[in-house]
Amino acid sequence: MPAAAPAALPPPSSIDRGGVEDGAVVFENWRGEADKPAPPPPAPMPPGKRVGFAIMGLGRLTLEEVLPAFAACKAARPVALVSGSPEKARVVAAQYGIAAESVYGYHEVERLSENPEVQAVYVVTPNGLHRDHVLAVAKAGKHVLCEKPMANTSAEAREMVEACRAAGVRLMIAYRCQYEPFNRELVRLVRSGELGRPRILEATNTQVQGPADQWRLKAPLAGGGALPDIGLYCLNGVRAVLGEEPVEVFARIVNPEGDGRYGDIDETTVFMLRFPSGAIANCATSYGAHESKDLRVRLERGWIDLENAFAYRGQRMRVARRKGDNEAVEEMRLGAKDQFALEIDHFAECILEGREPRTPGEEGVQDQLLMEAIYRSAREGVPVAIPPVKGIDAFRGRETG
């Protein structure tokens, strides 16, 4: 017998078909009211319109996090590499479809000026090299995204800001946590005032450091030990949460006896920051304690705990507050996003739109000044007053949504 003719199929509805608004595909929410709405589909820019980045430095951070993050970017793409290892650069260029002629050595940074595909350079080299590399990139006329810490000293950091300003290029410091969704929500919640004034903050970033023959344990390359490497996240994090600058710091450094790795750098540093509002931040960082990267805020009408606040992934947030006659502790579930992609796209959008980034060079200068005060306090054993920072309002208190 011949097969029966299929019944006529109904046409797709608008909820299934979607539509186009402002150049992007959009769908109506298909979920019921009890569930959160589905996020919109990604709307990346066409590759040819994205900002082309050269990545300078092919170490672990670049290969494990930065380059893979470009797959999630909507406004940026990798178009060139700068490395001191030609063999490694050739392999990485082939993996990411980067042309062989767009691979440069550190001694060839000036040639970036001849490559119109490169609009920005992400500097991912050891801290002690940041100053020279940023100055070279600015001289080549390219915008700069520089890894944290910005430099080894505040003097170097200021020089980097001035060089980029003189060259007419933008400078952003890669404070990735300021772009990560959970950290952003914590900032929004604290600054909203719905839980009252923040009184005590606790920020911890620790890990166990390994062999001595690595750049992080060499003072000329690292500029210090645990403080500039991972303690900086605590320092920058509490400043971002409060939206104000400390007026006093007090610190202590403890290094293990007989461990040659810590002759010139700090293993464990704890420091307290006092803010004009009366808030106190207690921060701790160490190369000798099991990994912990948490941020906690105690406010007048509740508390917020952000687990893995400074980690690449795995954030969890709990918020406590009164609910009737009881205490309610709620867990915030936010969609996970690649924080490296978010920071790269933010800088790309700033370049395309001609605006200043959320974390410009001045933000890095301030952290360098504060770290110098922390080291001074630990060295002298006394609190150190922090003078008001001129021009801080140029970046402090930027949008938090």
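A disulfide, for what follows, is a pair of cysteine sulfur atoms within 2.5 Å, and by that rule the structure I am showing today holds zero disulfides. Please keep in mind that this is a predicted model, in which local features need pLDDT of at least 70 and side-chain atom pairs count only at pLDDT 80 or more, while totals for chains, interfaces and linings use all residues. Residues are numbered from 1 along each chain as its sequence is written, and side-chain values use heavy atoms, with hydrogens and water left out.

Let me stay with the cysteines for a moment. Cys73 has its closest cysteine sulfur in Cys350, and because the distance is 13 Å, it is too far for a bond. For Cys164 the closest cysteine sulfur belongs to Cys146, at 8.8 Å, which is again too far for a bond. I will call a residue buried under 20% relative accessible area, exposed over 50% and partly exposed in between, with a 1.4 Å probe and protein chains only. On that scale Cys73 is buried at 4%, and Cys164 is buried as well, at 2%.

Now to the charged side chains. Side chains of opposite charge can pair when their charged atoms come close. Here a salt bridge means a side-chain nitrogen of Lys or Arg within 4 Å of a carboxyl oxygen of Asp or Glu, and the count by this rule comes to 27 salt bridges. One of them joins Arg313 to Glu65, with the closest N and O atoms 2.9 Å apart. This pair links distant parts of the chain, since Arg313 sits in the loop between β14 (302-307) and β15 (316-323), whereas Glu65 is in helix α2, 248 residues apart. Helices (H or I, at least four residues) and strands (E, at least two) are DSSP runs, numbered from the N terminus, and helix α2 covers residues 60-69. Which of the two partners is buried and which is exposed? Glu65 counts as buried, at 8% relative accessibility, while Arg313 counts as exposed, at 51%. If contact is taken as heavy atoms within 4.5 Å, then Glu65 touches Arg60, Tyr312, Arg313 and Phe340, leaving aside residues up to four places away in sequence.

Elsewhere, Asp294, Arg296, Arg298, Asp305 and Arg318 are linked in a network of salt bridges.

Finally, a contact made by a helix. Leu352 lies in helix α9 (residues 339-353) and is partly exposed, with a relative accessible area of 40%. Leu352 touches Met45, Lys49 and Val51, again not counting residues up to four places away in sequence. Between Leu352 and Lys49 there are 303 residues of separation in sequence, yet their C-alpha atoms are 9.5 Å apart in space.
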